[in-house]
Amino acid sequence: MNGSTSEYLPMLIQSVFALGFVAMVLIITHLIGPSRKSAKKLENFECGVEAKGNARLPFSVKYFLTAILFVLFDVEVIFFYPWATNFKEFGMDGLLSMALFVALFLLGFLYLRKKQAFKWE
Amino acid sequence: MTTLIFLSLLGFLVLFIGAFDYKKLILPTVIIGLIVAFFLNAMDWELTATSFYGMIDYNHYAVSFTGLMIVSVLLLMLVASYHFRNEGSHIADIYALMIFTLIGGLLMTSFSNLVMLFIGIEILSIALYILAGSRRLNIASNEASLKYFLMGAFASGFLLFGITLIFGVTNSFNLAEISDFVADTEELPTLFSTGVMLILIGFAFKIGAVPFHFWTPDVYQGAPTFITAFMATVVKTAGIAAFYRLFDSCFSGIDGTWFKILWIICVATILLGNITAVMQNESKRMLAWSSVSHAGYLLIPILALNELSSSAIFYYSAAYSIASITAFAVLIGLSKFQNDLPLDQYKGLAKNNPIMTTALVVSMFSLAGIPPLAGFFGKYFVFLTAMQSGLIYVVVIAIIGSLIGIYYYFKPLIYAFNNEGGSLEKIETNFAFNFVLMAGIVLSLLLGIFPDILRNLPG
């Protein structure tokens with residue numbers, strides 16, 4: 001075994017260990033756990049509410065658009081956190097960069113409004 | 001550097017002009033904006049400094065390629081205005097997306113940090129996924145968009161993983177530091193060469209080199225024709241420019257790890273691209289395969305990697321872009337929004353449409369590499385670069401590929417001059433469209449007769 005191959009030996013050991021752990025836990029729970037089957041237990045768990053019908057229903061594409069836009073503007077807020085915690089260190093430069101960032105998002109928001117992406121009817 | 005900011009603002013401006021429905025203003029804004037961007041870019045010629053905290057290195061190479069891409073986009077916008085002359089609902093969005101794609105291309109030619117390279121590729125690709133599907137109600141366009149998206153996502157994954165591995169070894173994203181690391185280290189770890197290979201695969205996907213070319217014909221055929229032209233010219237130029245920039249600045253000292261693989265990719269791309277193009281009966285598919293083969297020629301200077309390489313890549317990209325845009329423009333003039341454009345569509349073109357026929361002849365001759373057109377000198381410089389590094393077999397195979405190429409580039413011409421069964425009516429054109437055709441003819445001739453005006457630019 002030459003130098004470069006032996007470097008990867010710990011990785012091999014770790015992957016074997018990880019796989020082995022998963023397999024072991026699955027087998028042990030299967031062996032020692034009691035298994036009682038009933039119609040209620042075999043149902044899908046959906047937040048405690050009784051599941052009805054198929055999940056693959058056609059739904060209005062408007063929901064999708066709203067969801068995507070929500071994610072977009074939600075991600076924007078995430079970027080505020082690291083900036084806010086370092087607000088003092090960043091100083092004026094940071095404030096201006098953030099203003100630019102928000103301005104760009106605001107432009108996007110205006111564009112969406114103008115294109116009537118928020119209109120539900 | 002100012003070009004980057006200016007183009008971003010221009011993109012937003014065009015979006016808003018479209019949203020507020022000032023239809024008459026859209027095209028003039030785009031054209032004036034791009035001309036201003038071109039001059040702003042030219043003004044940065046003397047400025048050879050890194051900017052944005054060392055993320056971008058705006059040197060002669062970057063300025064030349066940016067200029068070339070701006071000119072290509074400008075010509076394509078004019079073609080698009082003809083393409084969309086009868087419908088105008090989404091045209092501002094399409095123009096804006098093309099400008100955003102250009103920003104991605106600009107970053108790809110001027111990066112000095114691997115993160116910037118990745119961001120550039122993503123800006124370019126994400127806008128293109130939408131552009132490929134911009135004919136929303138057409139199933140082929142949707143298919144092209146989805147296929148391109150899936151393949152592009154795979155390619156980005158490969159590229160990103162390669163960048164990660166290289167960061168893991170060198171502890172830096174900066175090109176200069178990586179290059180120092182390569183020079184200082186006696187024996188590079190296996191992880192480093194794995195990273196180089198993954199980056200190579202990512203780039204091969206993006207420029208559509210064999211064996212990572214499977215998406216090209218379907219995507220090129222399904223996308224709207226002027227977007228196909230856009231992908232075949234601007235995107236390919238940006239991809240090759242980034243490929244060369246990275247490999248020249250970082251991995252030139254360790255060509256033992258990637259040379260053989262790139263050699264095979266290069267030769268296979270030239271041969272398969274040309275041979276498959278011979279068998280196509282559909283014009284867009286034929287041009288798609290021809291663009292695959294041209295990616296192969298563009299890889300030769302990267303393979304040779306000497307002091308002639310950058311100018312050879314630049315000249316070849318310029319010659320190829322201009323000829324391709326002209327060829328696609330003729331195709332757009334002939335077609336009426338359909339996807340299938342069989343080669344006999346050209347039948348009888350010559351009699352009533354002199355400008356379009358001349359443009360077709362010049363572009364096909366230039367793509368085939370017949371002197372005195374630009375395409376010939378592009379091939380000549382590429383082969384010269386290869387010979388300087390002693391790549392004789394590659395040159396022999398590339399010449400065989402070009403000979404095969406002459407056969408299929410002549411097919412549309414034979415149809416165009418064939419008047420059996422009646423000739424085509426005169427096709428209604430507008431000023432912008434004729435301007436693009438004339439510019440294509442003049443530039444192809446001019447570059448062919450005076451190759452030195454562009455050749456020494458990237459330096």
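A residue counts as buried if 20 or more other C-beta atoms, placed from the backbone, lie within 10 Å of its own. Everything here comes from a predicted model, where local features need pLDDT of at least 70, side-chain atom pairs count only at pLDDT 80 or more, and totals for chains, interfaces and linings use all residues. Residues are numbered from 1 along each chain as its sequence is written, and chains are lettered from A in the order in which they are written.

**View 1. Helix H9 of chain B is mostly covered.** Helices are DSSP runs (H or I, at least four residues), numbered from the N terminus. H9(B) spans residues 215-222, and six of its eight residues are buried. Among them are B:Pro217, B:Val219 and B:Tyr220. Their cover includes helices H5 (114-132), H6 (139-170), H10 (225-249) and H12 (283-304) of chain B.

**View 2. Helices H11 and H16 of chain B cross at roughly 15°.** Their axes (lines fitted to C-alpha atoms over the stretch in contact, with angles from 0 to 180 degrees between N-to-C directions) come within 8 Å. H11(B) and H16(B) are therefore roughly parallel, the word for angles under 35 degrees. Residues in contact have C-beta atoms within 7 Å; here they include B:Trp263 and B:Ile270 of H11(B), and B:Gly401 and B:Tyr407 of H16(B). By class, this contact has 14 nonpolar, three polar and no charged residues. Nonpolar means Ala, Val, Leu, Ile, Met, Phe, Trp, Tyr, Cys and Pro; charged means Asp, Glu, Lys and Arg; the others, Gly among them, are polar.

**View 3. Chain A meets chain B.** Five residues from chain A and seven from chain B take part. Helix H4 (residues 87-114) gives the most to chain A's side, with three residues.

Technical notes
Buried ≥ 20, exposed ≤ 12 C-beta atoms within 10 Å, placed from the backbone. Helix = DSSP H or I, 4+ residues; strand = E, 2+ residues; numbered from the N terminus. Contact = placed C-beta atoms within 7 Å. Parallel < 35°, antiparallel > 145°, perpendicular 65-115°, else oblique.
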